[in-house]
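This report is written for a reader who is meeting this protein for the first time. Please look over the sequence and the structure, and then follow the text through domains, cores, rings and single residues.

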Amino acid sequence: MTTNANLTADRPTFVTHLECSLTGERYEADVVHGLSKAGRPLLVRYDLDVVKAQVSRDDIAARPTDLWRWRELLPVRATADIVSLGEIETPLVPLTKSGGANVLVKDEGRLPTGSFKARGLVMAVAMAKALGITKIAMPTNGNAGAALAAYATRCGIETIVFCPEDTPEINVREIALQGARVWRVNGLIDDCGAIVGEGAKQGRWFDFSTLKEPYRIEGKKTMGLELAAQLGWRLPKAIFYPTGGGTGLIGMWKAFAELEALGWIGAERPKMFAVQAAGCAPIVKAFEDGVEHADRWENAHTVAAGIRVPRAVGDFLILRAVRESKGIALAVEDDAILRAVDDAAKQDGLLLCPEGGATLAAYRDALAAGLVAAEDEVVLFNCATGLKYPMPEAPNWLDRTQPIDFDRL
Ligand SMILES: *Cc1c(COP(=O)(O)O)cnc(C)c1O
């Protein structure tokens with residue numbers, strides 16, 4: 001058996017400090033942090049000049065391709081704090097028939113726990129372990145809770161998870177089975193977040209809500225790092241990202257800036273398309289209104305539970321990245337989402353989750369509106385395995401004791 005050197009080799013780390021994403025105020029590294037004093041996400045900063053002097057992109061390219069190859073751009077200091085379930089580099093799968101000749105799907109469903117929440121949570125849990133946190137609570141629409149439960153259990157951290165009551169049964173059960181105490185709550189994800197916040201205020205646990213601890217962004221950032229490496233140190237023309245809390249979009253935007261500072265990519269950026277469901281589109285509304293912060297979306301509903309997020313604490317970071325990239329935020333209807341899932345499965349043999357379907361539906365709209373051209377290389381994010389979601393019935397049944405009409409089969 002070969003061991004993966006990424007998980008065993010000690011590597012130098014380069015975190016210098018953390019920084020408030022709104023005010024730029026500095027915070028010390030290597031101590032427990034939640035949000036900044038301004039109530040906004042903290043961003044991890046690295047001494048990129050020293051990284052540049054000590055590590056080349058060829059060094060990175062020579063390593064095994066998993067997430068931990070990016071160690072010098074990640075916050076975990078001690079190799080012993082790495083907690084891993086096998087975070088592979090996810091493939092770029094062409095979606096030529098239902099998408100087009102230049103459409104690639106980054107299939108995040110291949111990650112541990114079946115979603116890209118593994119990227120964020122593997123990093124956040126490793127940092128919690130490093131900082132001595134022993135009890136964590138989180139509100140979730142499903143996938144984040146599953147990833148938290150899995151990684152926390154693996155390193156002996158206790159977890160309490162709160163889900164909206166209509167969270168898919170499979171998500172609630174996988175969370176429970178992987179060792180968390182999980183509660184259904186009669187409300188939406190931000191109502192669950194209020195319970196987590198109250199318990200944290202009482203000192204009962206650490207609050208792991210999206211962007212309320214600094215390290216999930218760093219884990220999600222690896223999507224952007226990987227994409228650059230996979231495309232030969234360049235980026236696609238456009239990225240379609242299903243946006244809930246926006247961690248991944250914010251993380252990728254940060255990754256591109258860091259890669260440019262290292263001289264590993266140039267100044268070109270993809271147009272970032274923040275995709276939301278028409279039944280829950282606070283970022284789209286704020287984008288269209290030309291404002292920096294989004295109002296809570298009332299009566300949020302969509303088949304794409306992962307992006308049913310009425311309020312995002314990093315709203316301004318999502319909006320900034322979209323605007324700087326000359327992309328847009330756009331909403332798609334549930335029936336277009338389901339049609340996209342159906343088309344990708346039936347025409348290309350790739351089972352998308354509904355959120356992934358939303359990116360295909362949005363790509364189709366963007367193409368029709370001339371926001372992207374058919375010859376532009378675009379990357380859609382399929383954030384979870386389609387196997388976790390309800391599928392249309394397949395009711396055919398055959399009685400083998402009766403004569404079989406083979407022409408009908
Ligand atoms: C969490 C989630 C999203 C949204 O990701 P953010 O980075 O929080 O915006 C999209 N799709 C799925 C399947 C998810 O689990």
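Contact here means that heavy atoms lie within 4.5 Å. In this sense, 25 residues of domain 1 are in contact with 23 residues of domain 2, and the C-alpha centres of these two domains lie 24 Å apart. The domain bounds come from an automatic or database domain assignment, which gives domain 1 as 5–81, domain 2 as 92–113 + 215–388 and domain 3 as 117–207.

The model is predicted, with local features requiring a pLDDT of at least 70 and side-chain atom pairs a pLDDT of 80 or more, while totals for chains, interfaces and linings use all residues. Residues are numbered from 1 along each chain as its sequence is written, and side-chain values use heavy atoms, with hydrogens and water left out.

**Nonpolar cores**

Two terms are needed for the interior. A residue is called buried under 20% relative accessible area, exposed over 50%, and partly exposed in between, with a 1.4 Å probe and protein chains only. A nonpolar core is a set of buried Ala, Val, Leu, Ile, Met, Phe, Trp, Tyr and Cys residues joined through side-chain atoms within 4.5 Å.

The largest nonpolar core has 95 residues, and those with the most contacts inside it are Trp 70, Leu 121, Leu 148, Phe 208, Trp 264 and Phe 381. Helix H4 (residues 117–130) gives the most to this core, contributing nine residues; helices (H or I, at least four residues) and strands (E, at least two) are DSSP runs numbered from the N terminus. When residues up to four places away in sequence are not counted, Leu 121 touches Met 138, Ala 144, Ala 147, Leu 148, Tyr 151, Phe 208 and Arg 216. A second, separate core of 27 residues includes Ala 277, Ile 307, Ala 336 and Val 378.

**Aromatic rings**

A pair of aromatic rings is described by the distance of the centres and the angle of the planes. Rings of Phe, Tyr and Trp (its six-membered ring) pair if their centres lie within 6.5 Å, and planes under 30 degrees apart count as stacked, over 60 as edge-to-face and the rest as tilted. By this rule the count comes to nine aromatic pairs, and two of them are set out below.

| Pair | Distance between centres | Angle between planes | Arrangement |
|---|---|---|---|
| Phe 162 and Trp 205 | 5.9 Å | 55° | tilted |
| Phe 240 and Tyr 363 | 5.7 Å | 85° | edge-to-face |

Phe 162 lies in strand S7 (residues 158–164) and Trp 205 in the loop between helix H7 (189–201) and strand S9 (206–207), so this pair ties together parts that are 43 residues apart in sequence. Both Phe 162 and Trp 205 are buried. Phe 240 belongs to strand S10 (residues 238–242) and Tyr 363 to helix H13 (residues 354–368), so their pair ties together parts that are 123 residues apart in sequence. Phe 240 is buried, with a relative accessible area of 0%, and Tyr 363 is buried as well, with a value of 2%. Elsewhere, ring pairs link Trp 70, Trp 233 and Trp 264 into a cluster.

**Helix H8**

Helix H8 (residues 216–230) has 15 residues and reaches 22 Å from its first C-alpha to its last, close to the 21 Å expected at 1.5 Å a residue, where the expected span is 1.5 Å times one less than the number of residues. H8 is mostly covered, with 14 of its 15 residues buried, and the helix is followed by Gly 232, whose phi is positive, near 75°.

**Single residues**

Asp 30 has a phi near 65°, a positive value in a residue other than glycine. Asp 30 is placed in the loop between strand S2 (26–27) and strand S3 (42–46), and it is partly exposed, with a relative accessible area of 43%. Lys 326 also has a positive phi near 65°; this residue lies in the loop between helix H11 (315–324) and strand S12 (329–332), and is exposed, with a relative accessible area of 65%.

Leu 67, in the loop between helix H3 (57–61) and strand S4 (92–94), is buried, with a relative accessible area of 0%. Leaving aside neighbours within four places in sequence, Leu 67 is in contact with Leu 74, Glu 87, Arg 119, Val 122, Met 123, Gly 219 and Thr 222.
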